[in-house]
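Please look at the sequence and the structure together before reading on.

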Amino acid sequence: MVCLFIRDPIRENILLRYTVKSPLPEEININETTCVAAEVIKSSKVARINVVGNNPLFNPLVDCCTGVIVKRLLCLPIYDADTSRVFGCIHIVNKSRNDLFSEIDEIFGMLYADQASLLITSCMRYDGMCLHATMLQHLLEASTAVFSVIPDPDSLVSTRPLQPEQILTTIETLAREILKCPNTRAFLVSDFAGLPPGELVLLEHVNKAKALSLQACI
C-alpha cells in the first residue's frame, strides 16, 4: 500500500493524505498530533522503519491505510522540482513475504519519489496556470463591467450623470465575485457625495451612504 501526504499550500499546519481508498483528501493537523509523515517533511530525510512499534513518532491514526496492518514503513520526502522545497512525502507500507526494508529499497524508493515529484509538480503548475488564466479572464470582464456604468463624455446622446456610488458598488460586487472576498467595502471622499469635506462615505450595496469621520476610519 502507498500513501501520499501533501502539505496544504495555504494552511501550514495541515497535511492532506491521499490513499487509493479515499476519494477525497483527509486533513491531518500536525499541530495536534505527531506522526512520521510530518517529521519526514520537516527534516527532509528518509525514514526507514522496520518495526513500527518501536518508533515513538509512528501514529497508527495517521501513518497507516484503511484495511492494512502496518508492520514496516518506508517514508520518502517529495521535493518541488523547481525550488527543491519539500512539500510532501510518500509512505510505502510493508513488503511482500514480510521482508525488511533494506538500503536498496531506500535507493529505489528515492528514485520513485523523484518521479512522483516531477509528476505532482507538473500538475500543481498546471493548476496554477489555469487559475491565473481564469483570473485574467475575469479581470478583463470586470473592466468591461466597470466601464459600462461610466458615462461616455464624447457621446452626444449620453445624458447619464456620473454616479460614483454606482461605479464603486459595481467594483465592490466584482471584487466579491472575482476575487472571492467574503466581505468588501468601498469608500468615497465625501466631497463627491455632496457632503461636507473631510469625511469618508461608506458605499453599501443598497446604495445607502453613511458618513464616517476620517479619524474614525483610520
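The text below covers the confidence of the model, its sheet, its helices and its salt bridges.

**Basis of the report**

This is a predicted model, in which local features need pLDDT of at least 70 and side-chain atom pairs count only at pLDDT 80 or more, while totals for chains, interfaces and linings use all residues. Residues are numbered from 1 along each chain as its sequence is written, and side-chain values use heavy atoms, with hydrogens and water left out.

The predictor's confidence in each residue is given as pLDDT, from 0 to 100. Its mean over the chain is 78, and 84% of the residues reach 70 or more. Among the elements of the chain, β5 has the highest mean pLDDT (88), whereas strand β9 (residues 209-213) has the lowest (53). Such elements are DSSP runs numbered from the N terminus: helices are H or I of at least four residues, and strands are E of at least two.

**The sheet**

Six strands form an open sheet in the order β3-β2-β1-β6-β5-β4, with antiparallel pairing. Its edges are β3 (22-29) and β4 (47-49), each of which pairs on one side only. Two strands count as paired if DSSP finds at least two bridges between them. In general, strands of a sheet pair through backbone hydrogen bonds, either parallel or antiparallel.

Strand β2 (residues 14-19) pairs with β3 in the antiparallel sense over 5 bridges. Within this pairing, Leu16 stands opposite Glu27 of β3, and Thr19 has Ser22 as its bridge partner. The hairpin from β2 to β3 passes through 2 residues. Towards β1, β2 is joined by 4 bridges, again antiparallel, and Phe5 has Arg17 in β2 as its bridge partner. Here the hairpin passes through 6 residues. Of the 6 residues in β2, 5 are buried, where buried means under 20% relative accessible area, exposed over 50%, and partly exposed in between (1.4 Å probe, protein chains only).

**Helices across the sheet**

Contact here means heavy atoms within 4.5 Å. Axes are lines fitted to C-alpha atoms, for helices over the stretch in contact, and angles run from 0 to 180 degrees between N-to-C directions. Helix α1 (residues 36-43) lies across β1 (2-7), β2, β4, β5 (73-79) and β6 (86-93), at about 135 degrees to β6. Helix α2 (residues 103-147) lies across β1, β4, β5 and β6, and runs at about 40 degrees to β5.

**Salt bridges**

A salt bridge is a side-chain nitrogen of Lys or Arg within 4 Å of a carboxyl oxygen of Asp or Glu.

| Glu27 | Arg11 | 2.8 Å |

Arg11 is partly exposed, at 34% relative accessibility. A network of salt bridges links Asp8, Arg11 and Glu27.

Asp80 is buried, with a relative accessible area of 8%, whereas Arg125 is partly exposed at 32%. Lys95 is also partly exposed, with a relative accessible area of 28%. Lys95 lies in the loop between β6 and α2 and Asp105 in helix α2, so this pair ties together parts that are 10 residues apart in sequence.
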